[in-house]
Amino acid sequence: MMTILKIVIKVAINCQKCKTQVLKAVAKLTGVDEVTVDAEKGTLTVVGSVDPVCVITNVRKTGKYAEITSVGPPKKPDPPKPEPCKPLPRCCKECQLVAVSHVTYENGGCSIL
């Protein structure tokens, strides 16, 4: 079984049609988990257990020149940072105390006043 890789490919993306063609060509490959395109940087990122040569071949079939920039294990997500404790507000003069008490009766009766 092949390990999961993050493959970054340099490819010229000029318009939405180019982006759609490249995404379709790569998404149909077996083993692809995630595909993203950054048109500004001109990169295609593929994450999954797929052969980088197959990805390049399918991108080039769309008529685009493609070049592998990097291949390696995907970056693990950062663990969530705990939120800092917020201090409780000081008591103000408008707050009122509420008294709660529990009274037991010897005769077992209950009375609500």
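This is a predicted model: local features need pLDDT of at least 70, side-chain atom pairs count only at pLDDT 80 or more; totals for chains, interfaces and linings use all residues.
**Notebook: sheet and helices**

Next I looked up how strand β1, residues 5-11, meets β4: the two run antiparallel and are joined by 6 bridges.

I then traced the whole sheet. It is open, has 4 strands in the order β2-β3-β1-β4, and pairs them antiparallel. I noted β2 and β4 (66-72) at the edges; each has a single partner strand, so one side of each has no neighbour in the sheet. From one strand to the next I found an average twist of 20°.

On to the helices. I see α1 packing on the sheet, where it touches β2 and β3, and its direction makes about 165° with that of β2. For α2, I noted that it lies across β1, β3 and β4 and runs at about 155° to β4.

Which residues of α1 are buried? I listed Cys18, Val22, Ala25 and Val26. Looking down the axis of α1, I found these buried residues within an arc of 90°, so they line one face of the helix. Their cover includes β2 (32-38), β3 (43-48) and α2 (52-61). On the face of α1 turned away from its buried side, I noted the exposed residues Gln16, Lys17 and Lys24.

How values were computed:
Residues are numbered from 1 along each chain as its sequence is written. Side-chain values use heavy atoms; hydrogens and water are left out. Buried means under 20% relative accessible area, exposed over 50%, partly exposed in between (1.4 Å probe, protein chains only). The arc is that of the directions from the helix axis to the C-beta atoms. Contact means heavy atoms within 4.5 Å. Two strands pair if DSSP finds at least two bridges between them. Axes are lines fitted to C-alpha atoms, for helices over the stretch in contact, and angles run from 0 to 180 degrees between N-to-C directions.
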